[in-house]
Amino acid sequence: EMGIIGGVEFLQLAFEARPELAEVADFASFHPYTLYPPRSPPESAEDGEIPVWDMVAQVAGATGLPTTVTEMGWPSWGDVDEDQQADWMIREIALLQAEGVPQTCVYTLEDGTDPFGNPEHAFGLLREGLGEAKPAGEAFSALPLDVGDCIGRAEAELGLPEGAFAVRY
């Protein structure tokens with residue numbers, strides 16, 4: 001009997017079994033979800049969560065490859081409201097860029113038909129069928145074009161709220 005393994009463990013086993021993977025792959029891609037549905041900010045290390053920069057380091061360490069993120073986001077569902085969804089999404093994009101992750105795909109463009117009953121239907125940047133932007137959609141469209149030039153991450157001591165992070169670019 002075998003349980004479901006995590007992404008990092010899977011990559012470690014795959015690259016140990018087939019070292020040639022490092023020669024034919026350009027990137028290792030992952031989804032930075034520790035728990036599902038995601039319900040904590042990207043820097044959280046509480047309740048079994050792993051900060052996103054640690055996930056990047058673990059994936060890179062397991063593969064020896066640069067990383068990309070092919071899905072990330074939060075549902076505006078349960079304890080996560082639409083403003084938190086927007087805030088955490090933008091923070092994660094900036095933190096990933098600061099860790100050298102060149103590409104991040106946001107999940108998903110539009111909510112599904114049951115965003116109040118099913119977290120999978122509440123990840124959207126837009127409200128289902130309306131084309132109306134949620135705060136996450138507005139925040140995403142306002143991202144500066146040069147966010148990809150972030151070069152580092154540090155806890156900010158700039159008079160910002162406790163736990164705030166800054167990226168330098």
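How many bridges join S1 to strand S2, and do the two run parallel or antiparallel? Three bridges join S1 to S2 (residues 67-72), and the two strands run parallel. The legends below refer to a predicted model.

**View 1. Pairing of S1 with S2.** Strands of a sheet pair through backbone hydrogen bonds, either parallel or antiparallel. Here the S1 and S2 strands are parallel and are linked by three bridges. Within this pairing, serine 29 lies opposite threonine 68 of S2.

**View 2. The open sheet of three strands.** The strand order is S1-S2-S3, and the pairing is parallel. Strand S1 (28-30) and strand S3 (104-106) form the edges, each pairing on one side only. On average, neighbouring strands of this sheet are turned by 15° against each other, with direction ignored.

**View 3. Helix H3 on the sheet.** H3 packs on the sheet and touches both S1 and S2. The direction of H3 makes about 145° with that of S1.

**View 4. Crossing of helices H3 and H4.** Two packed helices are described by the angle between their axes and the distance between the axes. For helix H3 (residues 52-63) and helix H4 (residues 82-98), the axes come within 9 Å and cross at roughly 40°. H3 and H4 are therefore oblique to each other. The crossing in which H3 passes H4 is right-handed.

**View 5. Residues at the contact of H3 with H4.** From H3, the residues Val52, Trp53 and Val56 meet Glu92, Leu95 and Leu96 of H4. By class, this contact has five nonpolar residues, one charged residue and no polar residues.

Note on methods: Residues are numbered from 1 along each chain as its sequence is written. This is a predicted model: local features need pLDDT of at least 70, side-chain atom pairs count only at pLDDT 80 or more; totals for chains, interfaces and linings use all residues. Side-chain values use heavy atoms; hydrogens and water are left out. Axes are lines fitted to C-alpha atoms, for helices over the stretch in contact, and angles run from 0 to 180 degrees between N-to-C directions. Helices (H or I, at least four residues) and strands (E, at least two) are DSSP runs, numbered from the N terminus. Angles under 35 degrees count as roughly parallel, over 145 as roughly antiparallel, 65 to 115 as roughly perpendicular and the rest as oblique. A crossing is left-handed if the near helix is turned anticlockwise from the far one by less than a right angle, and right-handed if clockwise. Contact means heavy atoms within 4.5 Å. Ala, Val, Leu, Ile, Met, Phe, Trp, Tyr, Cys and Pro count as nonpolar, Asp, Glu, Lys and Arg as charged, and the others, Gly among them, as polar. Two strands pair if DSSP finds at least two bridges between them.
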